[in-house]
Amino acid sequence: MLTGEQTRVRVAASLARRYRQEFLFRLFGIVSIVIGVGFLLFLFTTIIGNGYSAFWQTTIKLDVMIEESVVDPDGSRDPETLAAANYARLIQDALLEVYPEAAGRRDRRALKSLVSTGAAYILRDRVVDDPALIGTRHSFWLLADDEVDMLIKGHVEAGGDEALRRLSDRQVGWIEGLQAAGRIKKRFNTQFFTAGDSREPEMAGIWGATKGSFFMLLVTLLLSFPLGVAAAVYLEEFAPNNRWVDVIEVNINNLAAVPSIVFGLLGLAVFINFVGLPRSAPIVGGLVLTLMTLPVVIIAGRAALKSVPPSVREAALGVGASQMQVIFHHVLPLAMPGMLTGAIIGMARALGESAPLLMIGMIAFIVEVPNSPTDPATALPVQVYLWADSPERAFVERTSAAIIVLLAFLLVMNATAVWLRNRFERRW
Amino acid sequence: MLQPDYGFGPESTHMRSDAKKSVEPVAADLERVDQEDAASDPSGSDDAGIAAPSGAYATIGDITARDPVMTVRAGEVFYGESQALIDINLDIGRHEVVAMIGPSGCGKSTFLRCLNRMNDTIESARVTGEFLLHGENIYAKKSDVVSLRARVGMVFQKPNPFPKSIYENVAYGPRIHGLAVSRAEMDDVVYGSLERAGLIDEVRDRLDEPGTGLSGGQQQRLCIARTIAVNPEVILMDEPCSALDPIATAKIEDLIDELSQNYAIAIVTHSMHQAARVSQRTAYFHLGRLIEVGPTDKIFTNPVHRLTEDYVTGRFG
Ligand SMILES: Nc1ncnc2c1ncn2[C@@H]1O[C@H](COP(=O)(O)OP(=O)(O)OP(=O)(O)O)[C@@H](O)[C@H]1O
Ligand SMILES: [Mg+2]
């Protein structure tokens, strides 16, 4: 036996060691967090730094004379005639008005290319909406070409070897002239948030991919949540304890770890080739992502059910609740926050998934914004991939902008998960 | 009338060694009791008309109740291979409180949980023997466990109100059993139950606050209110006061006293004082056997079996 004095000496000796260990452990924790946060900051700053300029778009102010002879030669104001008219010529005329010296064919082509080809469609929509414009002269802010946009934003240089540049010295001169005349302005890029994909960067938008992702996640949520909850409840509450259940459990855990591209192949074989669902459709994407998300939902659901204290079950059984009533009145409500959190985390993973979508044709170039889960569509991460693969400089910033949108959605979903957990978590 | 000292006197220093001696030779003890039984207490279990299995020991004392609600004959429980209860015979009568006492692990909770088939939830548990509620076997195939638990309510060791409002806690049982057809009727049931549980004055203004926000003692009375709201015939209580302070305990004990006017109550307790205060009959369990049962004051002042005596005098347990 130690005397009291000896005990205190030994405790003091061990104390220093314990404090040192604790200090080292804390240091280790702080260092890991700093590294993690550092990478995150790096990711955010590069992506936001690259992408924020895509939220602004250069426009050129032109005074366009809406000639009746071009737009509506027979004077019928028939929307179809109006829609079919040659608006590009009106824009070209307006440009020539500013730079009359550009008379030759090549010059005219060069001048014309300052304005986006999409500008004609925007002009058309304005005229179809408001035929009273016909025969009047009107100032329009028209979408500039992506090369002009890049020059204005300073992403490309005006100097250097002319042959290596997309804009000739002549064009740069015109742009500077327009700028000096106050005819060039950067405006908020609504096009980016309302349009589908396009070959022209200045016309390309994220809305098509966003809606595609939305329909896909809708299908995934509607299928994987009820199925996952039902499976979790059955396995946790009703299934007998036998070998079959063990086999099922092992397989569910395995499914959660299967590479997602395998689910894509499965979806291609089953949903498209066998069932005959349309290619490139969000419904197929949703089904594939359901397969991928389901194990996550089931595992999270079972963990949530397990964490409901047995005293709650006993209390309910004790007043004569049947097993179903115990589960639906008491256990499920308490497990719901955990289940929802699991589901949302699964959905967030599904939102960021691109590999399986490549296999089912959601990588196709699709201009139309989808209006239902069966319309051809692409998804946000696939859009990122498509743009990242495009050579135009303007797609670089759009890629980053698309990533920002994707990250924003992920952030919202994960914040919702945290909010749900705090909101519905109850103490007992 | 009762011995005031339950083992905190000078003798208690010898508790451990004494306990060992008396636990190990249980079988021998029990045989000795058989002989003693025949000699000194002929009014044992045999007078119930149901003979104990031959070769077994018999419980000392009168296992019957004047007006039995629940009757247990040859009740045995196994958890997997190990036997937790051996040949239990006991009645629980109307208007009485039966206290179950005995050292930890002797099977009191197991016995109590058999009475409303709470053991059904334990997969390894197997129950044999007769457990009758008004003469009907509650383990029979056609017997319905849901309605059984409505008739035999249970209050647990740790207060376990639902994480819902106080009102909902009490209203839940009547609602699932369809006992109240209108909101007014439900209000009656809830207020009445809270009243009988002695809680109404404390919670009248906060019925829609969560039941989990009450103090421990209040929670336990809420659980009692929840149990009596479905109008059971029997209330089982497994150490209902062990998580409570003395004042809350006193309130619950008063409540048990009152409730015994209307219900048959079986209570497990580790407090000899509590058993003495609230019960009319006491049953002493030891290693899965019911050793002795009788009027509470007799068990405490004049126990027959040495194990009972050792336990109530605080020599072990
Ligand atoms: N779920 C279970 N599975 C296996 N064995 C069990 C289970 N519950 C209880 N037992 C065993 O049954 C015996 C009786 O347990 P029980 O809980 O009935 O004792 P008790 O008298 O209530 O004890 P305490 O006073 O400590 O509550 C013990 O040996 C215990 O280990
Ligand atoms: Mg117990």
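A salt bridge is here a side-chain nitrogen of Lys or Arg within 4 Å of a carboxyl oxygen of Asp or Glu. In this predicted model, that rule finds one salt bridge across the interface of chain B and chain A, and the side chains that meet in it are those of A:Glu314 and B:Arg113, at 3.0 Å from N to O. The side of chain B that touches chain A draws two or more residues from each of helix 4 (145–151), strand 6 (152–155) and helix 5 (166–176) of chain B. By residue type, this side divides into eleven nonpolar, six polar and five charged residues.

The overall figures for the contact between the two chains are set out below.

| Interface of chain B and chain A | Value |
|---|---|
| Residues of chain B in contact | 22 residues |
| Residues of chain A in contact | 19 residues |
| Buried area | about 1,700 Å² |
| Share of buried area on carbon and sulfur atoms | 61% |

B:Ser165 lies in the loop between strand 6 and helix 5 of chain B, and it counts as buried because its relative accessibility is 17%, where the cut-off for buried is under 20%. The side chain of B:Ser165 reaches the backbone nitrogen of B:Glu168 at 3.0 Å. Leaving aside residues up to four places away in sequence, B:Ser165 touches B:Leu207, B:Asp208, B:Glu209, B:Pro210 and B:Gly211.

Definitions and conventions:
Residues numbered from 1 in each chain as written. Chains lettered and ligands numbered in written order. Predicted model: local features only at pLDDT ≥ 70, side-chain atom pairs only at ≥ 80, totals over all residues. Heavy atoms only, no water. Contact = heavy atoms within 4.5 Å. Buried area = accessible area lost by both parts, 1.4 Å probe. Helix = DSSP H or I, 4+ residues; strand = E, 2+ residues; numbered from the N terminus. Nonpolar A, V, L, I, M, F, W, Y, C, P; charged D, E, K, R; others polar. Buried < 20%, exposed > 50% of the residue type's maximum accessible area, 1.4 Å probe, protein only. Polar contact = N/O pair within 3.5 Å; in protein donor to acceptor, adjacent residues only side chain to side chain.
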